[in-house]
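I opened the notebook to record what I looked up in this structure. The entries follow the order in which I went through the chain.

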Amino acid sequence: MTNPATNPARTDPAAPASSSSAPAFRAAWTRDWPAYFDAVAGKPPRETLVRALDLFDADLSFDAQTAQAVDIGCGEGRDTMELLRRGWSVLAIDGHPDAIRRLVLRQDLAPTPRLRMQLAELEALELPRVRLVNASFTLPFCRPDAFDRLWRTIVDAIEPGGRFAGQLFGDRDTWASLPDRSHQTGEEAERLLKGFELERFDEDEHDAADAEGQDKHWHVFHVVARKCA
Ligand SMILES: C[S@@+](CC[C@H](N)C(=O)[O-])C[C@H]1O[C@@H](n2cnc3c(N)ncnc32)[C@H](O)[C@@H]1O
């Protein structure tokens, strides 16, 4: 695992992941991620994250200034920026150096000790204990042989009463047939979320282009879930 930078200026996006056999960016090579980052630049935070943050804010005893989150597959930072805007401390993680580079260079990012960044692959992720794990549209890109470990790592990282926000991808999604992807049936997705109270579990199926303009069938579970105490 790479050493988290404590502020944007100290981040070295080109630094290799030291604990795995390959640099982190090699694990994220099956799509043109820079083209994806171009396509989504400037987009607002994901609805699942916003819902989770609203639920935290609705709790009068909650103080975002002391809360920590991990944003797995942060990309160019749409969700990380919203977490920072709301006062959270964030560890933003991605396997592609261009994601970290774009996050560092965002015009709307003021230097802050509340942001740490890490170049790391999903397949070898290690996480600190946090109030929120956010993983928007990222988990299916984990290799299937590493997915169970990744999910256990996520569940273990979330404090009791904390939340998971993000997406699991379904077995009827076009990308489910790709050998390096991790997709779940509805039953499997619900099983993964045992031990959580489901605050949002929406199964979404539709045909539409992906961010790069390729038509596909989408089968996605949008999840906001609170870990039982
Ligand atoms: C579809 S993008 C989602 C980005 C952002 N969360 C969003 O909602 O727009 C998936 C992200 O996961 C990262 N990624 C893909 N495979 C990965 C892997 N095996 N390890 C680490 N990161 C990976 C990509 O670099 C990309 O930033």
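**Crossovers, sheet and ligand shell**

I began with the unit made of β2, helix α4 (residues 97–104) and β3, which is a right-handed β-α-β unit. I call a crossover right-handed if, with the strands pointing away from the viewer, the path from the first strand over the helix to the second runs clockwise. Helices (H or I, at least four residues) and strands (E, at least two) are DSSP runs, numbered from the N terminus.

I noted that this is a predicted model, in which local features need pLDDT of at least 70 and side-chain atom pairs count only at pLDDT 80 or more, while totals for chains, interfaces and linings use all residues. Residues are numbered from 1 along each chain as its sequence is written.

Entry on the whole chain. I found six helices and seven strands in the protein chain, and read along the sequence they follow the pattern α-α-β-α-β-α-β-β-α-β-α-β-β. Of the 229 residues, 40% are buried, where buried means that 20 or more other C-beta atoms lie within 10 Å of the residue's own, exposed 12 or fewer, and partly exposed in between, with C-beta atoms placed from the backbone. I also looked up contacts (C-beta atoms, placed from the backbone, within 7 Å): among those with a separation of 6 or more, residues 24 or more positions apart account for 74%.

Entry on the sheet. I traced an open sheet of seven strands in the order β3-β2-β1-β4-β5-β7-β6, with mixed pairing. β3 and β6 (196–209) stand at the edges with a single partner strand each, so one side of each has no neighbour in the sheet. From one strand to the next the twist averages 10°; axes here are lines fitted to C-alpha atoms, for helices over the stretch in contact, and angles run from 0 to 180 degrees between N-to-C directions. Two strands count as paired if DSSP finds at least two bridges between them.

Val70 has Leu91 of β2 as its bridge partner, and Gln68 stands opposite Ser89 in β2. Strand β2 (residues 89–94) has five of its six residues buried, and the path from β1 through α3 to β2 is a right-handed β-α-β crossover. On to strand β3 (residues 115–119): it pairs with β2 in the parallel sense over five bridges, with Leu115 as the bridge partner of Val90 and Leu119 opposite Asp94. In β3, five of five residues are buried; Leu115, Met117 and Leu119 point one way, and Arg116 and Gln118 the other.

Entry on α3. Why is helix α3 (residues 78–85) largely enclosed by the rest of the structure? Six of its eight residues are buried, so the helix is largely enclosed; the buried ones are Arg78, Asp79, Thr80, Met81, Leu83 and Leu84. After α3 comes Gly87, whose phi is positive, near 95°.

Entry on α5 and Leu139. I placed helix α5 (residues 144–157) across β1, β4 (130–135) and β5 (158–169), running at about 145° to β5. Leu139 lies in the loop between β4 and α5 and is buried, with 24 other C-beta atoms within 10 Å. Leaving aside residues up to four places away in sequence, Leu139 touches Gly166, Gln167, Leu168 and Ser182. From Leu139 to His183 I read 8.6 Å, C-alpha to C-alpha, although they are 44 residues apart in sequence.

Entry on the ligand. I listed 23 residues around the ligand, of which Gly73, Gly75, Gly95, Ser136 and Phe141 come nearest; a residue is near a molecule or strand if its C-beta atom, placed from the backbone, lies within 6 Å of it. By class, the shell has 11 nonpolar, six polar and six charged residues, where Ala, Val, Leu, Ile, Met, Phe, Trp, Tyr, Cys and Pro count as nonpolar, Asp, Glu, Lys and Arg as charged, and the others, Gly among them, as polar. Helices α1 (33–40) and α3 each supply at least two residues of the shell, and the largest share, three residues, comes from α1.

Key:
Two residues are in contact if their C-beta atoms, placed from the backbone, lie within 7 Å.
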